[in-house]
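Hello,

Here is the structure I promised to pass on.

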Amino acid sequence: MADYKFFADMCIAICVDCDNFKEIIIYGEPKKVFRYINGGIFADKSIEKAEREIGSFLFDLSSDCKMLNYLKGSSVAVPDDNVTCGYLKKVIDKALSARIGEDELEWLCNHLEITQTVLIDRDFEYHQRHISFTPSRDPNTDQAIDYLLGKYVKDDMPMMIIKGKNGAEYAVTDVSLVSMVEYYIRLLYSKSLFPRYCLNCGKLFIAKSSLFDVLCSDACRKHRNSEKLSRYKEKHNDEYEAQYMKVYQRWYTRIRRAKEKGQLAGDNLQLCNDIFSNFTSESYEKRNGVRNGDISPEAFSRWIDNFEIQMNMLWVDIK
Ligand SMILES: [Zn+2]
């Protein structure tokens with residue numbers, strides 16, 4: 001470790017806390033970064049440090065910050081919250097100001113290519129959903145890693161794992177982020193955490209309860225639920241259902257009571273029962289029609305009104 005020559009004398013270290021769904025990225029001069037990891041006093045003053053939601057490292061690299069273009073001289077805007085690309089930008093600036101040689105430039109190009117690619121795209125997500133599991137129920141990560149990083153040469157692996165003073169594990173590298181991405185993905189999968197796109201807002205997030213956890217936040221879950229509810233209400237317009245139930249109950253009770261009191265018997269009872277049972281069986285189809293949108297709630301309401309008029313007229317005659 002001590003004799004490894006970090007590119008542009010810069011390094012990045014990542015510590016993933018799967019239990020608390022957090023990650024820490026620190027970067028700066030290697031000896032200062034190592035001093036921080038080892039718990040050096042005031043060491044955080046001389047490094048850059050960001051503590052964020054788990055997955056942020058992958059999301060940084062999945063954004064469209066074109067670091068390779070930046071190296072080639074194009075201007076690239078890196079948002080403040082994109083810590084990983086911000087780090088790469090500093091490395092590039094430092095390398096360019098030190099007038100690096102052709103070979104080093106080529107090496108840097110090769111390693112930056114990964115940031116040019118959308119790492120986590122819809123295809124990856126689809127692929128991820130069909131991940132197989134080992135007999136010990138661990139996700140078989142190889143397929144996903146191959147899909148994600150297959151086209152990148154696994155380099156001579158300049159990534160090291162070191163334990164911090166508090167036992168936390170840090171992965172450290174310079175600009176060769178391929179190994180770090182692999183390490184990161186394997187770590188997430190081993191805890192059954194999977195990168196996904198939120199079905200409501202489209203944001204990348206880490207599914208925490210299962211591979212099929214599809215919404216990123218309570219806000220999105222709430223939004224989705226209220227959408228579902230309003231769709232349900234549209235389908236089951238409560239008003240027409242309530243009107244139907246009210247009329248049904250009224251005539252069911254009237255006919256039953258009149259029969260019990262002997263006010264309704266013989267042909268008249270038969271007639272009332274026939275009309276009422278027609279009403280209920282027809283209503284079944286008509287209510288389905290309203291749900292499917294074939295019948296408007298207003299038309300359904302008029303049909304119920306007609307039934308009531310008909311029954312009221314009959315009621316006057318037979319009682
Ligand atoms: Zn969302």
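**The hairpin**

Ile162 stands opposite Tyr170 in strand 5. This is a predicted model, in which local features need pLDDT of at least 70 and side-chain atom pairs count only at pLDDT 80 or more, while totals for chains, interfaces and linings use all residues. Residues are numbered from 1 along each chain as its sequence is written.

Strand 4 (residues 160-163) and strand 5 (residues 169-173) run antiparallel and are joined by 4 bridges. Strands here are DSSP runs of E, at least two residues, and helices are runs of H or I, at least four residues, each numbered from the N terminus; two strands pair if DSSP finds at least two bridges between them. The two strands form a hairpin with 5 residues between them, and Gly167 in the turn has a positive phi of about 90 degrees.

**The helix pair**

Helix 7 (residues 142-149) packs against helix 8 (residues 177-190) at an angle of about 150 degrees, their axes 10 Å apart. Helix 7 and helix 8 are therefore roughly antiparallel to each other (an angle over 145 degrees, on a scale from 0 to 180 between N-to-C directions, with axes fitted to C-alpha atoms over the stretch in contact). From helix 7, Ala144, Ile145, Leu148 and Leu149 meet Val178, Val181, Glu182 and Ile185 of helix 8 (contact means C-beta atoms, placed from the backbone, within 7 Å).

**The domains**

The domain assignment, automatic or from a database, gives domain 1 (7-197) and domain 2 (236-318). Their C-alpha centres lie 69 Å apart.

Best wishes

Note on methods. Angles under 35 degrees count as roughly parallel, over 145 as roughly antiparallel, 65 to 115 as roughly perpendicular and the rest as oblique. Two residues are in contact if their C-beta atoms, placed from the backbone, lie within 7 Å.
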